Structure formats: C-alpha cells, structure tokens
Amino acid sequence: TLPGLFARWVAERPDAVAVVERSRSVTYAQLDARANRIARLLAARGVGAESVVGVAVPRSVDMIATVVAALKLGAAFLPLDLVHPEDRLSYMIENSGAAVVVGTEPVAGKIPAAAGVPVVLLDAPDIAAALDALPGTAPSGGPVGLDQAAYVIYTSGSTGRPKGVVVPHEGIASLVATAVDRMGLEHDSRVLQFASIGFDVFAFELAMALCHGGRLVLITDEARVAGPALTDFLADQRITHMILPPSLVSALPPGCRLPEGSTVLVGTETVPPDLFERFGATAHLICAYGLTEATVNSTLWPAREHGGRATGRVPIGRPDPNTRCYVLDDRLRPVPPGVIGELYVAGRGLARGYLGQAGLSSERFVADPYGAPGSRMYRTGDRARWRADGNLDFLGRVDTQVKIRGFRIELGEIEAALAGHPSVAQAAVLPDRDGDIVRLVGYAVPEPGAAPALDPQELRAHVAAVLPEYMVPALVVPLDGPLPLTPNGKLDHKALPAPDWSAMTGDAAPATGTQARIADLFCEILKLDSVGVHDSFFALGGHSMASMRLLGRIRTEFGVELSIRDVFDALTVAGIAGKLEGASAA
C-alpha cells in the first residue's frame, strides 16, 4: 500500500527531503509526523477504513500530508479541484459519501456546503491548535489489503453526471515498479508535482517520489507556464522526473531546454513528432497512455530505445509491468498486427469499478478470457492496433467519449447540461478539430413556443454553471427544427450546420499596433481568421495549454515575460496589451 511504502522510507531515510514547497523543505520524518497529526484529527471525526476524505487543500506540504493522512487511516482521498463549479463539487462530495472535507481558510468560500459533511480548515486557529497538541506518532488502523480504496476520482459520465472511479492500492505499487523499470527512477530522484490534484496523474507523481525515497517538488503558480519560468524552475530544483502535457512542452519557446538527462513522460494528449527532434537530445522523452480506470498509466514508448524519434504517428508503446493489453474484435477475439480493434487493458492496476454503478461497472470491466480465472479486463473504448515490433498505435475513440486537454469527457454529459436549460428541447455536442485545437460545438433545439429565440451566450453560461470550463462548448448553434437523423435513427452529423467561428468573435478592431500584434497571435494560436479586441481567449476555444503557447509567442514577439495568471486575469487582446505596458522585460 502507499502508506506501507512511505513508512519504509520514513524508517530508512527519516532526514531525507520528502517535499519541497518554494523555499521550504520537509523531511520524511517531518511529513510523517504532520500526516499522523492530521490523521488523528480525522480519526476523531469518524474517519476510518473505506471512509472517503475530500481534499480541497491548495498545492502545499499540507495538501500532501492530508492525502497521506487519509491513506494512513485506510480511507480513500477524494480530490476536489476548486476551479470546478460548485454544483459539480457538491455532487462529488455527496455522491462519494465523503465523511469530511479538508481545506484551508483562503479557499473556504469555494468549498460547497454538503449536509452532514463537516469541513475542517487546517489553518483555522482552533484546528491549528488542536493539531499542535496531538502526538506525531502513527494512528491505529490503516489499509489492511491492496484491494482497499486509495482514491475516488470523478470522470465525465454519459448520463449527465460525473462518475466516481474507485482505485485501490494495488495499482500504486505497480506504478512505482513502472517508474523504476522503465523511467530510471532512483531513491534520490527529484519528481515534479505539476498536475492538479483533480487529475489522476497527481497520484503517479506522489507515488513516484514518496514510495521510492525521492523528493516531490511542488510547482509554483508562476512556473506553471510554457516558458523560461518553467525551465528555470526545473533547472534550479534539479528535477530528474516529470510528467508534462505534450502541448506544454511543444509550446516552449526557442532557447528553453529541459534538464540534461531528465526523464519526461509526455501523455494525456496526442504527441507531436517534432517534440523528439527539439528535446530528445537532452531529455529522455517517453510517450505514455493511461486511463483513470487502470491506475493512471498502462503503456510507455521510450523514444531513446527507438532511435530518439518517431517516424509518422507516435506510438503509445508496450504495456507496463503487471499490465496486459489486448486488441480485440467485436467478438473479443485478438486481431493480428496491423489490424484495428478495440483496446482492452488488464492486470494489477484495474480500478474496483464505478462508485454505486454496478451496471456500468459490469459493462466496462468485463471477464478476461485470456487471464486467470476470475480476472477482469477494462474495455477502453479506444481504437488501436499492434505494430510488428510489439508497440501499440492509438487511433481514436469508438464511442462518443472525446479527449480534451488530457481529460476524457462524455459528450452525453454536456448534452444533458445543455438540454437542462428550460428553453432547450434537444441538444447535441460534437468536437471540431483543427490540429491540436479541439473546440466543442453545441447544437440546441428550442422548446415548442419558446420565446424569445435561444441566446447562445446564455446557453453557454448555463453549461458553465454546472460543468468544468474545459467541457463548455466554444460555440452553441440554435437550430430551427429537430436534430437531423440518419435513416437508421442516429444523429446525422453531416446535416448539422458547420460552425461559423466568426459568430463568436466581436467586431471591435485593434486600436493600437500592440493590440493588432496580439490579435494576430490570438488568431495564429486559436486558428481563427479574426478576433475582436474584447473577446475572451478562453471563450474563443483557448485553454490553459494554448495560453502557455500564447505566452511563449508574446515573449518571442515583444521580449516581455507575462505569467499565466496575466492571461487568466486579462483574457482579451485589449487586456493583454495593457498588461504588456506594465510587464518587466524578459
């Protein structure tokens, strides 16, 4: 179990650095004592084996200590990313049956109230005093078996609500074995903690460091950009292992280098081949494929073992240790190399299933006809094929699930949110792809007699109130009649009107040369013909990775360093042009 592996290093290397938060370093012994105190506090509030503990602590030593504390009690942690809408967070807390939610005073206002679920704020004066008074020795209890839940993480669901995936401890030790065997992880490795807590990659980063005696270095908000602030941070902290989105690495401007000899796992999105040409000489780049339902990661393709570069499509590689992959036809028969089938994943890393959804669990986690009696395999819904050399190619989805910025989303969940507007009778949502920019387009049919006509911006705001930002359609197109259907009753994609992206852009023209240059960068990155100076970068289909690319281009064009917070605060061409006037020269 994760606490068991962590305890080994507390005993063997108590004075080794476990976590780095800015200028603060915490040893294994100190982290263990803090986690023990938080665990005792939680135990006094009824937390025990198979309880669920919501974690809404911002990125800090205490975030890590709270996760370890929950696991020490045999409880599962529920990551709560407070950028999500209140409605979604409330559902996750209630649906998971969380016993308690742990946060801090600065974010207390973002933690939704749930009936019967207390909120513990670690820095509230009474709680801080209670923690200080508790002994730092280990509490009683803890996970008794590898099949106990380690975390519950919510992914997009086709029914209109997210579904909770219950992941046991068994797969975590396999993750560590994968990092040691395939990624060169050592006891003194320095692992970057980059992912948000709501993304399951967080569990991989945590386990890589704390289950193998290394140090976990928490990224700062200022360094979480595609630019020198990130690469300088990596160099200053001498990071040896990191998991980064390929679009972020690809957006690093010329002159930015990854640390010499570092191992960089790039996954969650399609990997552009030019990544290996730019960074493969200094860093060990590994392409990854994984699923929340199979404990984060299932396959790896180390570029250096294949000449350092991919020819054509970048493969997703071979199965991890303790993992089996099958490419099967619709009758669950293996297909030969070169033939496309559906990818199934089996082995020690499989999740227990979907929380409270036995039917869906049995539909996706099916009997493995090629494994030991009683073993299961997960039906990924991904199309794949074996190469002759034993590597796998990923070829997209077989169903309506789409991957946007690393998150697998069910279009049905967005359609349900859109149809939940009182003036909407029917809704459909489709992805529109242009290179690595994927925009969601919503189509809405009004209720009979609905007046006035549907307002696309109002419909987007309605969806934004219940779903995360990355699931909000960039454009909503009202339709005059019912959704078009094919002769066999399915949605006729070809009969839907093509999205007119100019409909989402304003007509306010640039007033200065700086605004004109920024507008050109918006158009270049978002692949649009024109933008208005007051249009939001994110409303136009931009996202956090695209914003990092924008920052890199701004630095190249203007010689000025902005932060990702500047883009989130300014949002528009006019706003960013204003920021440039006050920014420091790079």
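L571 is found in the loop between α16 (564–570) and α17 (573–582). Helices (H or I, at least four residues) and strands (E, at least two) are DSSP runs, numbered from the N terminus. The model is predicted: local features need pLDDT of at least 70, side-chain atom pairs count only at pLDDT 80 or more, and totals for chains, interfaces and linings use all residues. Residues are numbered from 1 along each chain as its sequence is written, and side-chain values use heavy atoms, with hydrogens and water left out.

L571 has a positive phi of about 70 degrees although it is not a glycine. Most residues other than glycine have a negative phi. At 28% relative accessibility, L571 counts as partly exposed. Here, buried means under 20% relative accessible area, exposed means over 50%, and partly exposed lies in between (1.4 Å probe, protein chains only). L332 also has a positive phi, near 60 degrees, and is a residue other than glycine. L332 sits in the loop between β16 (323–328) and β17 (341–347). Its relative accessible area is 29%, so L332 is partly exposed.

Helix packing was examined next. Helix α1 (residues 2–12) packs against helix α3 (residues 61–72) at an angle of about 115 degrees, and their axes are 9 Å apart. Axes are lines fitted to C-alpha atoms, for helices over the stretch in contact, and angles run from 0 to 180 degrees between N-to-C directions. α1 and α3 are therefore roughly perpendicular to each other. Angles under 35 degrees count as roughly parallel, over 145 as roughly antiparallel, 65 to 115 as roughly perpendicular and the rest as oblique. Contact means heavy atoms within 4.5 Å. L2, P3 and F6 in α1 meet V68, L71 and K72 in α3. The residues of this contact divide into five nonpolar, no polar and one charged. Ala, Val, Leu, Ile, Met, Phe, Trp, Tyr, Cys and Pro count as nonpolar, Asp, Glu, Lys and Arg as charged, and the others, Gly among them, as polar.

Helix α3 also meets helix α7 (residues 201–210). The axes of α3 and α7 come within 12 Å and cross at roughly 85 degrees. These two helices are therefore roughly perpendicular to each other. In α3, M63, I64, V67 and V68 meet F202, L206 and L210 of α7. Rings of Phe, Tyr and Trp (its six-membered ring) pair if their centres lie within 6.5 Å; planes under 30 degrees apart count as stacked, over 60 as edge-to-face and the rest as tilted. By this rule the count comes to 14 aromatic pairs. The rings of Y354 and F365 have centres 5.7 Å apart and planes at 65 degrees, so the pair is edge-to-face. This pair links distant parts of the chain, eleven residues apart: Y354 in strand β18 (residues 353–354) and F365 in strand β19 (residues 365–367). Y354 is buried at 5% relative accessibility, and F365 is buried at 6%. The rings of F522 and F537 are also edge-to-face, with centres 5.2 Å apart and planes at 75 degrees. Both F522 and F537 are buried. Ring pairs link F522, F537, F538 and F568 into a cluster.

T155 lies in strand β7 (residues 149–155). T155 counts as buried, at 15% relative accessibility.
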